Amino acid sequence: MLIPHPLLGLRDSEEFSYLGDATLLERPDGMAADAPQRFYEYQHLRDNPAGVHRELWFHEQGDRSWLVVTRNTVTHEILGAELARDVKLAMAKGGAA
């Protein structure tokens, strides 16, 4: 499986470590009144969809960047990849991520 790294071009998936669902970028506010419940849900209640899904991958054997990879979990087709930093910045600005 080849991942289109936004800075380095196509890279073999063996260079990466998979972390999980890209919604992990949406970390709850630890100071909120309902923080314990929100962290429980953040940590333990995740979807496991069949089809197009956004995932976090770490380029462990390369430039050590974090990517948000859009992948079809049924066919394993990689549809795109973005730097996680850019996705998080777009989320902070209220943009679609």
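Predicted model: local features only at pLDDT ≥ 70, side-chain atom pairs only at ≥ 80, totals over all residues.

Me: How many bridges join strand β3 to β4, and how many pair β4 with β5?
Reply: Strand β4 covers residues 52–58, and strand β3 covers residues 17–21. Both pairings of β4 are antiparallel, the one with β3 and the one with β5. The bridges number 4 for β3 with β4 and 7 for β4 with β5.

Me: Which residue of β5 is the bridge partner of Trp 57?
Reply: Trp 57 lies in strand β4, where Tyr 18 stands opposite it. Strand β4 also pairs with β5 in the antiparallel sense. In β5, the partner of Trp 57 is Leu 67.

Me: Is Thr 70 buried or exposed?
Reply: Thr 70 belongs to strand β5, residues 66–72. Beyond its neighbours within four places in sequence, the contacts of Thr 70 include Val 52, His 53 and Arg 54, as well as Glu 77 and Ile 78. The relative accessibility of Thr 70 is 18%, and the cut-off for burial is under 20%, so Thr 70 is buried.

Me: Which residue's side chain is joined to that of Arg 71 by a polar contact of 2.7 Å?
Reply: Arg 71 is placed in strand β5 and counts as buried because its relative accessibility is 10%. Leaving aside neighbours within four places in sequence, Arg 71 is in contact with residues including Met 1, Glu 55, Trp 57 and His 76. The side-chain partner in the polar contact of 2.7 Å is His 76.

Me: In the pair of Phe 58 and Trp 66, what is the angle between the planes?
Reply: Phe 58 is buried at a relative accessible area of 14%, whereas Trp 66 is partly exposed at 38%. Their ring centres lie 4.8 Å apart, and the pair is classed as tilted. The angle between the planes is 40°.

Me: Which residues do ring pairs link into a cluster?
Reply: Phe 16 and Trp 57 form an aromatic pair, and Tyr 18 stands opposite Trp 57 in β4. The cluster linked by ring pairs consists of Phe 16, Tyr 18 and Trp 57.

Note on methods
Residues numbered from 1 in each chain as written. Heavy atoms only, no water. Helix = DSSP H or I, 4+ residues; strand = E, 2+ residues; numbered from the N terminus. Buried < 20%, exposed > 50% of the residue type's maximum accessible area, 1.4 Å probe, protein only. Contact = heavy atoms within 4.5 Å. Pairing = 2+ DSSP bridges. Polar contact = N/O pair within 3.5 Å; in protein donor to acceptor, adjacent residues only side chain to side chain. Phe/Tyr/Trp six-rings, centres within 6.5 Å; stacked < 30°, edge-to-face > 60°.
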